[in-house]
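Welcome! Take a moment to look over the sequence and the 3D view, and then we will walk through a few details together.

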Amino acid sequence: MTKGALHGLTVLDLSHYLAGPTVAMILGDLGAEVIRVDPPGGPRWQHPSNAILQRGKKSIVLDLEQPDDRRAAQELAARSDILVESFRPGRARRFGLDGATTCARNPRLIHLSLPGFAPDDPRADLPAWEGVVTAAAGLYLYPDCSPMDYVGDRSAEPIYNAIPQASAMGVMVGLHSVAAALYARERSGRGQHIDTSLYEAAFELIGASVMRSPTRRTQSGPNPAKAIIDSPQLGHYRGSDGEWLELCLFQDKHLEWFGREFLPDEWVADGMADAERMLTDPALRERARERFTELFATKPAREWERLINDASGASAAICQSTQDWLRHDEDARANQSVIELTDPHLGATAQAGYPIKLSETPLSVQGPRRLLDADRDAVLARLGEPERQPHEGPEPALRRALEGIRVLDTSQVLAGPTTSRILAEYGAEVVKVHSFEDRQLGMHTYTNSGKRSVMLNIKTPGGRTVFDRLATGIDVFVQNFSRGVAERIGMGLDHLRSLSPGVVYASISAFGYDGYRGGWRGREQLGQAITGMQVRFSGPGNEPHMGPFAYCDYSTGNFAAFGVIIALYHRLRTGRPQSVHASLSATGSFLQLPFLLDYEGATHDEPAGPGAKGSGPVDRLYQAADRWLYLAARPEEASAVAQALGAGSTDPGVHDTALSERLAARINGLTVAEVTQALRHLDVAVHALEDLDALMDADYPIKKGLVITRSHPGIGDVTVAGPSARLTSTPVRPTEPVGPPGSDTRAVLTDLGLGADVDDLIGANAVRDGLPAGSEFIGLFR
C-alpha cells in the first residue's frame with residue numbers, strides 16, 4: 001500500500017465545529033496519524049457530518065478543566081508534529097495549550113489556531129458562530145447580485161446561505177499554511193505558530209470582487225460584460241424531462257461550435273451563432289432566448305449535457321441537487337469527490353471524498369469514525385515516548401517558506417492563477433505566461449499579483465524556444481488546459497519532466513480527468529451546477545441560480561496551492577516529484593461539507609433559497625432599525641434571548657416560526673447597538689451585516705493587510721484583498737504589484753540570456769513587450 005505524503009507525522013486535533021476538524025481530517029487522509037481529543041460527551045457540535053469530520057482519527061476523551069487530563073493533552077502536544085485548535089482567543093492559554101507555550105516546549109511543533117476572530121481583533125471575545133463571522137465579512141448578499149454587481153437590490157432582504165463560507169475558507173487557508181510550515185520545518189528544523197482566523201480567511205473568497213483600479217472603471221452606456229452574463233448563450237434551460245441545464249458558452253468560438261452543431265441554418269443566418277451580434281443586438285438576444293428555450297425542450301437535460309460537450313466541444317452541465325451528486329452521479333465517484341464509507345453510528349454512507357489528487361501519494365481514508373474514547377489506552381501509552389527534540393546544529397536562515405522555489409504558470413482566469421498567487425505569497429518566484437489570445441484579464445492585477453508577466457505565442461518557433469527556456473529548471477508548473485491539450489501543444493508532463501526532472505506538475509480542471517466529464521471544458525457555474533450548489537442557492541423547485549462569488553474557482557486555487565506545497569514537501573523528504581490535480585467539482589463537494597453526507601434515514605432539509613434567513617430563531621439574519629444584523633446563540637438559549645429582548649415567554653412548545661416572528665418584530669424597533677446591549681450579559685453574538693465595499697475602507701482589515709492599496713507600474717493605484725495566512729516564523733507578505741500583462745517580457749527574456757533577441761522575437765510575433773498598442777484589459781470574459 002502506498003504511504004501518504006504525511007506518513008509518520010502525528011496530528012493532535014483539539015478543535016471543534018467545522019474548520020479545525022476538517023483540516024485535521026484531510027491531514028489524516030494524507031497519511032498522518034490524527035489523535036482526536038473530545039470532552040466528555042463527545043464533540044461540541046453534535047451533527048451527522050461528524051461521520052466525515054472525525055473519520056480516520058483515533059479517539060480519546062479528556063476534560064481539559066481537570067488537571068490530569070489537561071496535563072495529558074500537554075504531553076501529547078509535546079509529542080506531536082501538528083496541533084490544530086479552534087479555541088476562542090485566550091482560552092487555549094488557560095489550558096497551557098496556546099501556541100507560545102506548546103512551541104516553546106516542542107520547537108518542532110506546528111500549532112494551527114483557527115479562531116473566528118483573531119486575538120488582536122476588537123471582536124475577539126465575540127462567540128464566533130458561522131453566521132456571525134460570515135456577516136462580519138459581508139458574505140450574505142442581496143437579491144440580483146452577480147459577479148458583475150455585488151450591490152444587488154438593497155430594497156429587498158439579504159439572503160442567508162447555508163454553505164459555511166467563512167469556515168470553508170478557513171479550512172483552505174489553514175491547510176496551505178500548515179503545508180508551508182511543514183516545508184519550512186523540513187528546511188530549517190523548526191516549527192511555528194499559525195494564527196488564521198475565519199474572518200481573515202474569508203478575504204480569500206472576497207478576492208477581486210471589490211477590487212478598485214483604473215481598469216475597473218465605470219463605463220458610460222451598456223456594460224459589455226454584464227451583457228455577456230445576461231446573454232442567451234449563458235443561463236438555464238429546461239429539458240423535456242423538466243430538469244435544468246446550465247448552458248455556458250463563454251467564449252465566442254464556443255457559441256460558433258454550438259451553433260454549427262445544433263442550430264438550424266436560418267437561426268445561424270439570423271446571427272444566433274455570432275457572439276458579437278448577440279452582444280450588441282438586444283432584439284436578437286430576445287429571439288435567441290425564446291428559440292433556445294424551444295430547442296432544449298425537445299430532449300432531456302441530461303441528454304443535452306452529453307450532446308453539447310461531446311459533439312460540439314462547447315460547455316454545459318446538468319443542474320442537479322446535492323443529493324443527486326451524492327447518490328447517483330458517476331463522475332462524483334470516478335473522481336473520488338464522493339466516497340463510500342461505513343460509519344459505526346450511521347451505517348453505510350456516501351460522503352465528501354478528497355479535495356485534491358496526488359499521483360504518487362494518493363489520499364486515502366484511514367478508516368471510519370471511531371467510537372468515542374475507543375483509543376484511550378493506546379493514546380495514553382504514547383506519553384511514554386520521547387518528546388520531539390529540537391533541531392540540532394545551526395538553523396538555516398529562512399525568511400519565507402517557499403523562497404527559492406521557481407514556478408511557471410500558464411493558467412487563465414481564476415483558479416489556476418490563484419494557485420500561483422498563493423505560492424508567490426509564500427515566497428516563490430513566479431513567471432506568468434499570457435497567451436496572445438488571452439482576453440480574460442479583468443482580474444489580472446489581483447490574480448497575478450507578485451508574478452513577472454510574459455506575453456508569449458507558443459505557436460511560433462521562437463515562442464516555443466522561449467517557453468522551453470522558461471520551463472528549464474523550474475520546481476512547479478501550473479496549467480488548466482482541458483484534458484489532453486497540454487500534451488498536444490508541448491506542455492505535457494513528459495515534456496516538462498525532460499526539462500525539469502523534479503517538477504511538481506499541477507493541473508486544474510472543471511470536473512477532474514476521470515469519468516465521462518473528464519475531457520469537458522468548464523467554468524465556475526458548471527462546478528456549482530453539478531454538485532448541487534445552484535439548486536441550493538435557488539431553493540428546491542425553482543430555476544437554479546449561480547452563487548455570485550467565485551466559490552469554486554477561488555477555493556480550487558487554494559486547494560491546488562495546498563496540494564503543490566504538500567508535493568514539494570514530499571519531494572524534499574524523498575526526492576520524488578509528483579503531479580497534483582484539483583477540480584471545481586471536488587471543491588464544490590467540500591464547500592458543502594456539512595451536507596455532503598447521505599445515509600439511510602438522512603434528512604436534507606437545511607435552509608435554502610432566496611427566502612432563507614438562517615437555521616433557527618436564534619441563528620439567523622434580522623432587520624434592526626438601522627441595518628441588518630446576525631444573531632447567533634445555542635437553541636437552548638432561545639428563552640433567555642427572547643426575555644432579554646422583551647419578546648415574551650418562550651415555552652418549549654413555541655414553534656420556531658412564531659418565535660422568529662416575535663423576535664423580528666422586537667428587533668425591528670431596536671438599533672444594532674441596542675440589541676447588542678440588551679444581550680451583553682449573555683454569551684451570544686450579534687454582528688451587523690457588513691457591506692463589501694465599506695469593508696475595504698474599514699480600519700481593522702486595512703491594519704491587518706487584508707485590504708491593500710498599491711501603485712502598480714503602468715496601471716496606477718489598485719485596492720484588493722491581501723493575504724490572510726499568518727505564520728510567525730516565515731510570515732506571508734503582500735507580493736510585489738504586477739504591471740500590465742506582458743510588461744515583464746523584456747526583463748524576463750534578458751534574464752534567460754535572450755535579451756539581444758527580444759526585438760527579433762517581437763518582430764516574429766513570438767513575444768510581446770506588453771499588450772498591443774491601444775488595447776485594454778478591462779474585459780472579464782471575452
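Leaving aside its neighbours within four places in sequence, which residues is His687 in contact with? They are Arg123, Leu126, Val132, Ala135, Ala136, Leu629 and Tyr630. Keep in mind that this is a predicted model.

- You can find His687 in strand β23, which covers residues 685–688.
- His687 has a relative accessible area of 8%; that is under 20%, so this residue counts as buried.
- The side chain of His687 meets the side chain of Arg123 in a polar contact of 3.2 Å.
- Ser59 sits 628 residues away from His687 along the chain, and the C-alpha atoms of these two residues are 35 Å apart.

**How helices α7 and α26 pack**
- Two packed helices are described by the angle between their axes and the distance between the axes.
- Helix α7 spans residues 165–188 and helix α26 spans residues 551–574; their axes come within 9 Å and cross at roughly 20°.
- That angle is under 35 degrees, so α7 and α26 are roughly parallel to each other.
- The crossing in which α7 passes α26 is left-handed.

**Who makes the helix contact**
- On the α7 side, the contact residues include Met169, Met172, His176, Tyr183 and Arg187.
- On the α26 side, they include Tyr551, Asn558, Phe562, Ile566 and Arg573.
- Sorted by class, the contact of α7 with α26 has 16 nonpolar, four polar and three charged residues.

Notes:
Residues are numbered from 1 along each chain as its sequence is written. This is a predicted model: local features need pLDDT of at least 70, side-chain atom pairs count only at pLDDT 80 or more; totals for chains, interfaces and linings use all residues. Side-chain values use heavy atoms; hydrogens and water are left out. Axes are lines fitted to C-alpha atoms, for helices over the stretch in contact, and angles run from 0 to 180 degrees between N-to-C directions. Helices (H or I, at least four residues) and strands (E, at least two) are DSSP runs, numbered from the N terminus. Angles under 35 degrees count as roughly parallel, over 145 as roughly antiparallel, 65 to 115 as roughly perpendicular and the rest as oblique. A crossing is left-handed if the near helix is turned anticlockwise from the far one by less than a right angle, and right-handed if clockwise. Contact means heavy atoms within 4.5 Å. Ala, Val, Leu, Ile, Met, Phe, Trp, Tyr, Cys and Pro count as nonpolar, Asp, Glu, Lys and Arg as charged, and the others, Gly among them, as polar. Buried means under 20% relative accessible area, exposed over 50%, partly exposed in between (1.4 Å probe, protein chains only). A polar contact is a pair of N or O atoms within 3.5 Å; within protein, one must be able to donate a hydrogen and the other to accept it, and residues adjacent in sequence count only if both atoms are side-chain atoms.
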